[in-house]
Amino acid sequence: MAEEQVIFKRPAALTEKYFHYCPGCTHGIAHRLIAEIVDEMGIQEKIVGVSPVGCSVLAYNYFDFDFQEAAHGRAPAVATGMRRTLPEDRYIFTYQGDGDLASIGMAEIVHAANRGEKITVVFINNAIYGMTGGQMAPTTLPGMRTTTSPYGRDTTLCGHPIRMCELLNTLVEPRFIARGSLSQAKHIIKAKKLLRQAFELQHEGFTFVELLSTCPTGWGLTPENSLLWLERNMMPFFPLQVFREPGTMPETAKKYAPDLKVKDDKKES
Amino acid sequence: MAQERLLMKGTEAIAEAAIRAGCNFFFGYPITPQNEIPEYMSRRMPQVGGLYLQAESEVSAINMLYGAGGSGVRVMTSSSSPGVALMSEGFSYIIGSELPVVVVNIMRGGPGLGDIAPSQGDYAQMTKGFGHGDKHAIVLAPSTVQEAVDMMALAFDLADEYRNPVVLIGDGLIGQMMEPVVFPATAPKQFDKSWAATGHKGKDRKIIHSLYLEPEELERHVLKLFRKFDAMEAKEQRHEMFMADDDPPIMICAYGTTARIAKTAMRELRKKGIKVGLFRPITAWPFPNVALEAIVDKTRSFLCIEMNMGQMIDDVRMVVRGRRPVSFYGRTGGVVPTVEEIVKKVIEHNATLGA
């Protein structure tokens, strides 16, 4: 009989604490992917995470490395404070949901991206506020029912969902912007590649990975139907794509090319 | 080597003193009347190998302080009243997470957009209302530019010692005034920063947080914080007595710029034969109640003078507890009380005391 071999185990970068997430929630997958990458890159003692306010507020209980907890929406500002003070070889990432990042934290994420903060932002988009009980998010789809859009999101009342990758891709500084999905194996494998790329590019500039995620409890669906719902409804609106890689820049950002500098000939004060 | 004596504007002296106290990181957002602090920092920090970074808002600035504080460095911001109000949430997180940072508030007139003139309208905000939850922070109230300079190193030391933020309150007058200053020659004190989140795993790992979901757990955390606050109240009360050696029947209570104006008025009053002394809180929190209690019996009447409608007076009343009359004179809206006004007020006050 062949000797037994361990082919799958808990990443070293995860603690032994059980996730508190609901059945079918994809936070656990996202956590695992990050932890696997931390293991593979050998950076467990060189990485500091920033946990958000939202269902993943307790993320620091699950990752076995240093963490700072941020107020709702402020993770990119907290990460900026860390980036600018910690040794350069450290890796810093924020882990934020859609209400946190695209609503209350819109200023912080846009300006951190615009400054080119050398951090990785992991953006969990499940189109709803999970922890507070399923309210409308800035990414809630048109017509989608939530506890605060009980008749479906009315775009004449509250506008259309915000596409964060596309929005950030108008800026000059970001080095990597991509959207993946956690809805099935092939997308998860791809999502890990995107995350890995982001972490590897982090010391060159701002890196951003959006992960389409589920919220079975908030959506009122079974875990399985949540995955199907994500692919059927979210993917058409939030296309899976690498928006920015080193060497690429969209026309909108090019107009403000990095080397464009005014000659400041104002009188010296 | 003789210490250099420099003529400097208050705001710039505060900034330079912070750098000399070992603060290499400044995050801030422009707001009048304190813009010379970030402007000075943006010039000076690159020269000393430090960092000045302009945040997108005061909300972000205070959260950058939180992140930097959690990394274990000396870090500060400065702002003015409405901007400081925006920092309240982050300030509370900083206390809850036990991080040492320094916030300078060069106060302006309020409420609302108010004006940009000198004010002490944030006494209550800074000593009682700065941030949500059960918390305190040391609030230093310098009265001269030199005192503000001396206080910067103290502010960073107290922040590090207690792992709690420290606030320095000034007003537009202290900020804009040019005075000769001498910078302390001492090197910044070193503190243990092994609690900082700089990259650890396993049982060594560090988590900077203020979330305690279990009520009993949060209660234990708050009680732990209050042991620090109790220690601050016991050890960090600071005050000045001026012209008080002869137990004057009238004691003015004033801090910051107002105390300075009161001192000038008192010299004139003494010439007129009116015995009046000054009790000047140097720490607005912890309020120097031990020192004030010690003079209640010797004093016939207290007169609080502030550049607001009466905020510190509540702290004075709590110590005096009705045993002596406590009255108030203040100007608000950014109007600075004059020496003449204070002289007149004290003469009137003296007349009511009788023989």
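1. Chain B is divided into domain 1 (5-235) and domain 2 (240-353), with bounds that come from an automatic or database domain assignment. This is a predicted model, in which local features need pLDDT of at least 70 and side-chain atom pairs count only at pLDDT 80 or more, whereas totals for chains, interfaces and linings use all residues. Residues are numbered from 1 along each chain as its sequence is written, and chains are lettered from A and ligands numbered from 1 in the order in which they are written.

2. On the relation of the two domains, the C-alpha centres of domain 1 of chain B and domain 2 of chain B lie 28 Å apart. Contact between them involves 28 residues of domain 1 of chain B and 22 residues of domain 2 of chain B, two residues being in contact if their C-beta atoms, placed from the backbone, lie within 7 Å. On the side of domain 1 of chain B that touches domain 2 of chain B, two or more residues each come from α6 (123-127), β6 (138-140), β7 (166-171), α8 (172-176) and α9 (215-235) of chain B; here helices (H or I, at least four residues) and strands (E, at least two) are DSSP runs, numbered from the N terminus. The largest share of that side, four residues, is supplied by α6(B). Its residues divide into 15 nonpolar, nine polar and four charged, where Ala, Val, Leu, Ile, Met, Phe, Trp, Tyr, Cys and Pro count as nonpolar, Asp, Glu, Lys and Arg as charged, and the others, Gly among them, as polar.

3. One open sheet of chain B has seven strands in the order β3-β2-β4-β5-β7-β6-β13, with mixed pairing; two strands pair if DSSP finds at least two bridges between them. At the edges stand β3 (51-54) and β13 (283-285) of chain B, each with a single partner strand, so one side of each has no neighbour in the sheet. Neighbouring strands of this sheet are turned by 25 degrees against each other on average, direction ignored. Within the sheet, strand β5 (residues 102-107) of chain B runs parallel to β7(B) and is joined to it by six bridges, and Val102(B) stands opposite Val166(B) in β7(B).

4. A further open sheet of chain B is formed by five strands in the order β10-β12-β11-β14-β15, again with mixed pairing. Its edge strands are β10 (239-242) and β15 (326-330) of chain B, each of which pairs on one side only, and the twist averages 20 degrees from one strand to the next. Four bridges link β10(B) with strand β12 (residues 276-281) of chain B in the antiparallel sense, and the bridge partner of Glu240(B) in β12(B) is Arg280(B). Helix α10 (residues 256-271) of chain B packs on this sheet, where α10(B) touches β10, β11 (250-253), β12 and β14 (301-306) of chain B and its direction makes about 170 degrees with that of β12(B).

5. Turning to helix pairs, the axes of helix α1 (residues 10-20) and helix α2 (residues 36-44) of chain B come within 8 Å and cross at roughly 45 degrees; axes are lines fitted to C-alpha atoms, for helices over the stretch in contact, and angles run from 0 to 180 degrees between N-to-C directions. The two helices are therefore oblique to each other, given that angles under 35 degrees count as roughly parallel, over 145 as roughly antiparallel, 65 to 115 as roughly perpendicular and the rest as oblique. In this contact, Thr11(B), Glu12(B), Ile14(B), Ala15(B) and Ile19(B) of α1(B) meet Glu36(B), Ile37(B), Tyr40(B), Met41(B) and Arg44(B) of α2(B), and by class there are six nonpolar, one polar and three charged residues.

6. Helix α11 (residues 289-296) and helix α12 (residues 312-320) of chain B pack at an angle of about 55 degrees, with their axes 9 Å apart, and are therefore oblique to each other. Asn289(B), Leu292(B), Glu293(B) and Val296(B) of α11(B) make the contact with Val316(B), Val319(B) and Val320(B) of α12(B).

7. Finally, the contact of the two chains takes 29 residues from chain A and 33 residues from chain B. On the side of chain A that touches chain B, β1 (47-51), β2 (66-69), α2 (75-83) and α4 (106-115) of chain A each supply at least two residues, and α2(A) gives the most, with six residues. That side has 14 nonpolar, six polar and nine charged residues. Two bridges join β2(A) to strand β9 (residues 207-208) of chain B, and these strands run parallel, with Phe67(A) opposite Ile207(B) in β9(B).
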